[in-house]
Amino acid sequence: MSPNAHPHSALRSWLGVAVITASLFTFVTTELMPVGLLTPVGSSLDISVGVAGLMVTLYGVSAGLGVPFIVAWTRRVNRRTLLTVLLAVLALGNLVTAIAPNYPLVLAARLVMGFANGVFWAIGVSMAMRLVPEQHANRAAAVALSGISIATVVGIPLGTFLEDLTSWRTTFLIWSGLSAVVFLAVAVTVPSLPSQNAVPAREVFGLAVKNVPLRLVMITVVLYVLGHFGAYTFVRPFLEEKSSATPGFVTALLIVYGIGGAAGNFAAGYTVGKRLHGTFVVALAGIVAALVLLLTIGRSRTGAIIALALWGVCFGAVNLCQINLTLAAAPDTFEAAMSINTLGYNTSIALGALFGGLLTDHVGVAGAVGFGVALTTAALALTLATRRTGGRTPSDTNTDTDTPTTEAERQALPAR
């Protein structure tokens, strides 16, 4: 991607980046808020915990499957206009969720919000990069993507805390108001950004077919995201059943997990430039270890804290790695690469939550965590096998997609 060659004033540019960061925070917390609310939602609407997990599943389905088409269909739409529309959908969807009299309406609202989420992931980071001078583009991307860590550390635990004080409906109502505030901030702060680098849908899907390094990364991403969200979606029911965790303790653990994610993202930032593949392997192995620890010592409070802290650190690191690998594989088609990434990532969130829910309802919550162990182990094995057999990855070979191979080029890549 080529950042805007004629940036706006420094103040407005960085205010715009801050607002896009706030947008990402709002989207991420809306997507994952049900993780901490499955038990009260299920009780209120008289559904099982596994069925309640469909709130995550349908959101991920629409976020993943819809994004290549919507990004292609809106390729001539000003990106500021598009982002304001996405935030309006989010505000309305959270409002409908808060007042919905039945579960089918809740699912319908989540499905529509998922489409908005997927499109945001395809355009949000590139918008932040275009707002500042070229030499600051990667810094702007890093700032924008810090919204993930903020959401994990503050947003999701805050939602669980608010539900404990009030109700899950009030929590979604508050998030509707937050979405409206961010909508206004984008409209006032972000300057006009005509569309750049968007391509037709057929070219987006063709990229995944022709680009071997991108395809290998996406297969690995699908595996570990399936495993992670198959387990993480049901972490509250697991803790309540296995360690008799109270809502307050679950909130504390989610905060520990979120702080770990921020720490992992920060620490990996110092290693991905020199040891991208090695950092990815270590982070994947850490997720496997954390899930095994949750199954074995997670019945005690100390064990649960250790498992969630390690899980958070490693998941923060692995996400940073996979975004660097994805963008290295297709540096000249930024939005298209992000569309493919969003397709694989969010569809895997949906399927992971679905499979985890089925296992929870028919086997027990430990089955969902066991599913996580199996799939993340498969991702780790594939990564090791690819490297050991000389398979090409974006970090160690040049390709017909102009993959960066030097340390300087790799260090210049933004991280999610």
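**Salt bridges, helices and surface of the predicted model**

The structure holds three salt bridges, a salt bridge being a side-chain nitrogen of Lys or Arg within 4 Å of a carboxyl oxygen of Asp or Glu. The model is predicted: local features need pLDDT of at least 70, side-chain atom pairs count only at pLDDT 80 or more, and totals for chains, interfaces and linings use all residues. Residues are numbered from 1 along each chain as its sequence is written, and side-chain values use heavy atoms, with hydrogens and water left out.

Side chains of opposite charge can pair when their charged atoms come close. Helices (H or I, at least four residues) and strands (E, at least two) are DSSP runs, numbered from the N terminus. Glu163 counts as buried because its relative accessibility is 12%, and Arg236 is likewise buried, with a relative accessible area of 3%. Here buried means under 20% relative accessible area, exposed over 50%, and partly exposed in between (1.4 Å probe, protein chains only).

Arg236 also meets the side chain of Glu240 in a salt bridge, at 2.8 Å from N to O. Glu240 and Arg236 are four residues apart in helix H12 and therefore separated by about one helical turn. Glu240 is partly exposed, as its relative accessible area is 22%.

The protein as a whole has 18 helices and zero strands. Of its 416 residues, 59% are buried. Among contacts (heavy atoms within 4.5 Å) with a separation of 6 or more, 85% are between residues 24 or more positions apart.

Helix H9 (residues 168-189) contains 22 residues and reaches 31 Å from its first C-alpha to its last, close to the 32 Å expected at 1.5 Å a residue; the expected span is 1.5 Å times one less than the number of residues. Buried residues of H9 include Trp168, Phe172, Trp175 and Val186. Val186 is touched by Thr84, which also touches Phe183 and Ala187, not counting residues up to four places away in sequence. Thr84 lies in helix H6 (residues 79-99) and, at 12% relative accessibility, counts as buried.

Asn211 occupies the loop between helix H10 (201-210) and helix H11 (212-232). Its relative accessibility of 1% places Asn211 among buried residues. The side chain of Asn211 reaches the backbone nitrogen of Leu214 at 3.0 Å.

The accessible surface of the protein comes to about 15,000 Å², and 68% of this belongs to carbon and sulfur atoms; areas come from the Shrake-Rupley method with a 1.4 Å probe, and for residues only the protein chains shown count as cover. On this surface, Ile150, Val154, Leu158, Phe161 and Leu165 form a nonpolar patch with about 430 Å² of accessible area together. Patches are made of residues with over 30% relative accessible area and no salt bridge, like charges being joined within 9 Å and nonpolar side chains (Val, Leu, Ile, Met, Phe, Trp, Tyr) within 5 Å. Val154 is placed in helix H8 (residues 137-165) and counts as partly exposed, at 42% relative accessibility.

Notes: Polar contact = N/O pair within 3.5 Å; in protein donor to acceptor, adjacent residues only side chain to side chain.
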